[in-house]
Each structure stands twice: as C-alpha cells, then as structure tokens.
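Open the model in your viewer and show it as a cartoon. The stops below go from the whole chain to single side chains.

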Amino acid sequence: MRIQIGGQTHHGFDEPLGLLSDCHRRIEHFLQVLVTVDQRLSGGRLDAEHRHALEAAVKYFEQAAPHHTADEEDSLFPRLRANGDADVRRALSLVQRLERDHDTADAHHDVVNGLVHRWLQDDGLAAPEAAALRQHLAALQALYRAHIAVEDDEVFPVAARVLDERTLQQIGQEMAERRGVSVPADVS
C-alpha cells in the first residue's frame, strides 16, 4: 500500500482563512504519515517508500508548520484582539489555550523530529525510542484533533464574519511574505 505524500491547497493568499484551514489538512496529513510509518515498521528498517514518507513529513513539520503558527499568532490573533465584537471576545477566550497548544505541540515535535532523524540516520530505532515516538505521536494526534476543531469551527468563522476585506488582505500578504512569496497588493 502506497503512502500518499503532499496535499492540495484549495485557497490562495487572497483567502487567508481558507489557506489556514488548508494548512490544518496538511498538518493532519503529515501527522498521519508519521503515525502510519510508525505503525507499519515500529522503528524497524526503512525501505525507500517509508524513508521518503518520513523525510517529507519531518520536513513539513520543521519548515512549513512554524509559518502556520506565526500566521495565527502574529497575523490573525492580534487582529482579532483589536476587534470589540462579543463573538470575538468569546473566541479570544479560546486563543490563549490555542497559543499554549502551539507551545505543547512544538515540544512534542522537537522530540518526534529528533527520533525520526535518528531513525533515518540509523535505519532503525531501539525499542524504547520507538515507544517514545509512538507516545509523542499519540499526544500530537489528540492535541491537534481538539486544537484544529476549535480553530476551524469557532475561531475562523468568527474571523470571517468580523474582519474586513482589507484586514484579510493584509493577513494574506503577511502569510505570503513569511514564505518568501510575492503577491500583488490589491490597489482598490
């Protein structure tokens, strides 16, 4: 059974809330890739397909995922904090938890990435390392399941309702800049 790598983006920088949700699908996808390889091999020898899958997943979490966190913490959440809407205030009560989740996820990813790099380098993990990897992956799955549901179902819909087009355009521009992508500014 082949492991599918990558995911399609359905939104561009002109739709930053949709793009953030697309990122959630990639997070779920690459986490599932790690879990699937772990379940199949339990730290055992890697064939080319599993090696490629691990490399792609760890690369995503090391390079792209930090941009997503910055998109939320540096671009979206501050703009929501500046809005006085009652629904925004309620959603913001969740934002502190979401920011703590980012820190917790980072700590788990540090361990997971280290173990996956060791697995790739040594073509195997000792039983205690394989057990630690499985434990951290399970923690990440539980954390992301709850975290993503709050953002997709509560925070992003409120943001879509209260943030004007110009603000959303600014958020999209900042997201593009984080990735070194040039997008034309809307002159309207």
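Predicted model: local features only at pLDDT ≥ 70, side-chain atom pairs only at ≥ 80, totals over all residues.

Residues are numbered from 1 along each chain as its sequence is written, and side-chain values use heavy atoms, with hydrogens and water left out.

**Whole chain.** Colour by secondary structure: the protein chain has five helices and zero strands, where helices (H or I, at least four residues) and strands (E, at least two) are DSSP runs numbered from the N terminus. The C-alpha trace spans about 55 × 35 × 25 Å along its principal axes. Of the 188 residues, 47% are buried, meaning under 20% relative accessible area with a 1.4 Å probe, protein chains only. Contacts are heavy atoms within 4.5 Å; among those with a separation of 6 or more, 78% join residues 24 or more positions apart.

**Helix α1.** Select residues 16-41. The 26 residues of α1 should span 38 Å at 1.5 Å a residue, and the end C-alpha atoms are 37 Å apart, which agrees; the expected span is 1.5 Å times one less than the number of residues. Because 20 of the 26 residues are buried, α1 is largely enclosed by the rest of the structure. Move on to Ser42, which follows α1 and has a positive phi, near 45 degrees.

**The rings.** Show Phe30, Tyr60 and Phe61, which form one aromatic cluster. Rings of Phe, Tyr and Trp (its six-membered ring) pair if their centres lie within 6.5 Å; planes under 30 degrees apart are stacked, over 60 edge-to-face and the rest tilted. The count comes to two aromatic pairs. The rings of Phe30 and Tyr60 are stacked, because their centres are 4.8 Å apart and their planes are at 20 degrees. Phe30 lies in α1 and Tyr60 in α2, so this pair ties together parts 30 residues apart in sequence. Tyr60 also pairs edge-to-face with Phe61, at 5.3 Å centre to centre and 80 degrees between the planes. Phe30 is buried at 7% relative accessibility, and Tyr60 is buried at 9%.

**Phe77.** Stay in helix α2 (residues 48-81) and select Phe77. Is Phe77 buried or exposed? Phe77 is buried, with a relative accessible area of 0%. Not counting residues up to four places away in sequence, Phe77 touches several residues, including Leu92, Val95, Leu98 and Val155.

Notes: Buried < 20%, exposed > 50% of the residue type's maximum accessible area, 1.4 Å probe, protein only.
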